[in-house]
Amino acid sequence: MTTQRPRSVRKGAAGLLFLLLTVMTTAGCALHPGGELTLPQDGPPRVVVHDVPFYAQEEYQCGPATLAMALGWSGVRVTPDALKAEVYTPSEKGSLQSAMVAAARRHGRMAYVLRGRDFLLDELAAGNPVILLQNLGLSWYPVWHYAVAVGYDRDEDAVLLHTGTMRSRYYPLGLLDRTWARSGYWGLLVLPPARMPAFVEETPWLKGAVGLERAGRTREALAAYEVATAKWPGSYDAWMGVGNSRYALGRDELSAKAFGRAVAIRPDNGIAYNNLANVLARLGRREEAVAAAEKAVACGGPHIEVFRKTLSEIRQP
């Protein structure tokens with residue numbers, strides 16, 4: 001799948017610039033291997049993800065029900081009725097994928113979108129339930145439906161689904177492959193913010209962390225950024241996220257350390273120097289703040305006027 005990763009910034013308190021990540025995906029560009037989905041021949045013959053609650057799905061309410069199940073497994077207890085106003089669109093008689101993602105983030109959980117069938121069995125083996133989007137109808141008359149995959153059974157050649165009114169239904173693998181393929185193999189993990197998927201990529205993980213920030217869940221965003229720096233210690237974007245989140249939480253000393261890591265990785269980027277200057281100034285370390293602000297100005301770039309303003313303000317007695 002082709003992805004692009006442009007950057008933008010927004011102005012924060014005291015001249016701090018917050019780096020935002022936007023991941024652009026080309027619709028319909030996901031590639032899926034030929035043949036049918038098959039269960040692994042090695043490993044345990046049966047896998048079950050435990051502690052996934054079950055809610056029978058009323059008509060058109062599979063979105064709230066499956067999200068409540070995934071949130072419940074992650075530690076957030078909420079009922080489908082409580083989620084209905086957040087995700088259900090009456091005019092569509094269903095729940096849009098974007099609404100499912102946004103609601104998970106509002107509840108402080110990492111919403112990690114997956115496309116491609118290869119991830120499913122690995123995630124189940126790792127103990128992660130997966131929300132799947134199926135089309136139970138036809139291409140020209142779709143019947144969209146969410147279900148939660150909670151395990152698989154090799155001997156039965158089936159995946160276990162919380163679906164409709166049935167808990168842990170044995171769903172034939174071939175049928176699942178066909179109905180799931182019609183959504184482009186769209187899947188959603190709803191995870192505690194410090195728990196990564198079995199297979200994780202940097203860009204979508206950081207996109208999810210940004211989503212938590214935008215949802216006002218700064219502490220959860222920080223947890224996601226911090227685990228990202230452990231996974232990808234050379235990630236400039238992850239360290240910037242850590243610095244911004246710590247700054248927003250008033251953890252200035254730790255914020256300065258994070259921005260220090262960012263400038264070490266990208267010494268040519270004025271944003272990190274600008275943010276570091278603001279934090280150092282708030283800590284009363286004026287000489288260090290001026291030096292950082294001067295480096296930001298020397299880097300130039302489209303935010304040069306912000307950098308100059310930061311330097312001017314810090315220099316004022």
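Modeller: In this predicted model, Arg117 is buried, since its relative accessible area is 4% and the cut-off for burial is under 20%. Arg117 lies in the loop that links β8 (110-115) to α4 (119-125). Its side chain is in polar contact with the side chain of Asp177, at 3.1 Å.

After α3 comes Gly108, which has a positive phi, near 80°.

Elsewhere in the chain, a helix pair deserves mention. Helix α7 (residues 218-231) packs with helix α8 (residues 236-248) at an angle of about 150°, and their axes are 8 Å apart. Because angles over 145 degrees count as roughly antiparallel, α7 and α8 are described in that way. The crossing of α7 past α8 is left-handed. On the α7 side, the contact is formed by Thr218, Ala221, Leu222, Tyr225, Glu226, Ala228 and Thr229; α8 contributes Ala238, Trp239, Gly241, Val242, Ser245, Arg246 and Ala248.

As to confidence, the protein has a mean pLDDT of 89, with 89% of its residues at 70 or more. Over residues 1-15, however, pLDDT stays under 50, although the model has 52 contacts beyond four places in sequence for them. For residues 18-34, pLDDT also stays under 50, and 52 such contacts are present in the model. Where pLDDT is low, the predicted coordinates should not be read in detail.

Key: Residues numbered from 1 in each chain as written. Heavy atoms only, no water. pLDDT = per-residue confidence, 0-100. Contact = heavy atoms within 4.5 Å. Helix = DSSP H or I, 4+ residues; strand = E, 2+ residues; numbered from the N terminus. Buried < 20%, exposed > 50% of the residue type's maximum accessible area, 1.4 Å probe, protein only. Polar contact = N/O pair within 3.5 Å; in protein donor to acceptor, adjacent residues only side chain to side chain. Axes fitted to C-alpha atoms, helices over the stretch in contact; angles between N-to-C directions. Parallel < 35°, antiparallel > 145°, perpendicular 65-115°, else oblique. Left-handed = near helix turned anticlockwise from the far one by under 90°.
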